Amino acid sequence: MLSTKEKVLNFFMKNNTQWISGDSLSKEFDVSRETIWKAINALKKQGHQIESKRSYGYHYLGTEKLSSQLIKHYQNSDLVNDIEVLDEVNSTQIYAKNIVNQSINLNQNKIVFAEKQVNGYGRRGRSFFSPAKTGLYFSLILKNDFKNLNQLGLLMTGISMAVVRALTYFYPEKNFQLKWVNDIYLNNKKIAGILTEAITELESNTSRALVIGVGINLSTIDFPTEIKNKVQSIDQNFNVDRNRLAAKIIDEIDQILTENPKNIFLPEYREKLLLMNRTVLLNVGNQDFTGKVLNVDEDGQLVMKLDNNKIRHFNSGEVTKVHF
Ligand code: BTN
């Protein structure tokens with residue numbers, strides 16, 4: 001059952017350019033004008049901008065805040081129905097992993113967004129700077145029956161491809177590039193990072209769920225000095241509609257996860273690969289490999305010609321240096 005507040009917001013979404021009187025809304029939802037007034041105030045409190053004018057009524061202008069209802073409204077796929085938006089959290093990733101660990105049966109996918117993270121983290125325990133308003137930070141819980149964690153290569157390349165597709169839709173003039181496995185770059189600086197963690201069941205060594213954390217720097221200006229020369233935001237002067245972007249990312253992930261064959265996106269991924277034909281240093285666990293990147297194979301693994309001329313496929317690792 002939707003609350004009056006949710007009904008009013010849905011109404012605004014469907015008729016978003018029009019003025020609507022409090023009287024019509026109260027008739028539409030069969031509640032008092034007082035209830036409508038309260039619902040409008042509650043929406044305003046959540047960051048929705050609503051103009052009110054005597055004898056015209058209300059006019060919905062939009063919101064700069066993330067809203068689960070709006071994301072749902074813009075979303076076309078049914079990858080996730082359970083969408084949660086938090087104002088502030090240590091890390092959506094930790095929050096999402098707690099949900100998985102506390103649930104006995106995960107019966108649906110879930111996505112958690114936060115306006116701001118105070119302890120966002122990336123791979124190798126690095127911190128991920130996540131200030132309010134200027135970025136998009138979320139963790140997607142994919143319930144799954146991944147018997148074979150080797151399939152993760154395709155999943156990780158696929159998710160980053162999906163994010164790039166969604167970003168390209170909103171920033172068509174930008175040439176986003178991918179650093180294997182799933183960092184997203186623009187003009188040789190990182191603008192987004194993705195972290196995939198599998199929650200495994202020790203007994204069966206199968207994964208119960210994947211928690212995929214995505215952090216995108218949209219318009220952040222004030223990065224901490226220690227990362228300033230490596231990261232940037234997409235466009236400091238443009239405020240993309242984050243609810244629409246969130247919905248588009250969900251739709252693009254759904255598209256990639258459901259298309260067949262599973263690796264159909266790979267030619268597009270390869271085209272965006274920042275590392276192609278570059279000499280790189282790849283760190284895997286406590287080993288380093290230097291060599292030339294030849295390709296990304298059909299399983300999403302990085303193919304390198306090592307210094308000793310051997311060709312090797314890597315399913316994990318982190319490229320720590322690129323020689324341009
Ligand atoms: C990386 O660059 O190494 C991955 C960065 C992942 C950051 C995202 S932001 C949302 C989610 N919550 C976190 O704490 N981390 C991920």
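The largest pocket of this predicted model has a volume of about 890 Å³. A pocket, on a 1 Å grid over the protein atoms alone, is an open set of points where a 1.4 Å probe fits, with protein on both sides within 12 Å along at least five of seven lines. Grid points are joined across faces, edges and corners, and the volume is the space filled by probe spheres set on the points. The lining comprises 43 residues, and Arg126, Asp183, Lys190, Lys230 and Val231 lie nearest the centre of the pocket; a lining residue has an atom within 4 Å of a point. At least two lining residues come from each of helix 5 (92–102), strand 6, strand 8, strand 9, strand 10 (206–217) and strand 15. Strand 9 gives the most, with six residues. Helices (H or I, at least four residues) and strands (E, at least two) are DSSP runs, numbered from the N terminus.

Residues are numbered from 1 along each chain as its sequence is written. Because the model is predicted, local features need pLDDT of at least 70 and side-chain atom pairs count only at pLDDT 80 or more, while totals for chains, interfaces and linings use all residues; side-chain values use heavy atoms, with hydrogens and water left out.

Leu186 stands opposite Lys189 in strand 9. Two residues lie between the strands of this hairpin, in which Asn187 takes a positive phi near 45°. Asn187 is exposed, with a relative accessible area of 63%; exposed means over 50%, buried under 20% and partly exposed in between, with a 1.4 Å probe and protein chains only. On its other pairing, strand 9 joins strand 10 in the antiparallel sense over ten bridges, and Ala198 stands opposite Leu210 in strand 10. That hairpin has four residues between its strands, and Asn205 takes a positive phi near 55°.

Most residues other than glycine have a negative phi, and most peptide bonds are trans. Arg124 is not a glycine, yet has a positive phi of about 55°; the residue is placed in the loop between strand 5 (110–117) and strand 6 (135–143). The peptide bond from Trp180 to Val181 is cis, with omega near 5°, and Val181 belongs to the loop between strand 7 (176–179) and strand 8 (183–186). A further cis peptide bond, with omega about -5°, joins Asn260 and Pro261. Pro261 is found in the loop between helix 7 (242–258) and helix 8 (266–272).

The domain assignment gives domain 1 (4–63), domain 2 (68–272) and domain 3 (279–323), with bounds that come from an automatic or database assignment. The centres of domain 1 and domain 3, taken over C-alpha atoms, are separated by 56 Å.

Met304 lies in strand 13 (residues 302–306) and counts as buried, at 0% relative accessibility. Leaving aside neighbours within four places in sequence, the contacts of Met304 include Val280 and Leu282, as well as Phe289, Thr290, Val293 and Leu294. Also among them are Lys310, Ile311, Arg312 and Phe314. By comparison, the C-alpha atoms of Met304 and Asn286, 18 residues apart along the chain, are separated by 18 Å.

Technical notes. Contact = heavy atoms within 4.5 Å. Pairing = 2+ DSSP bridges.
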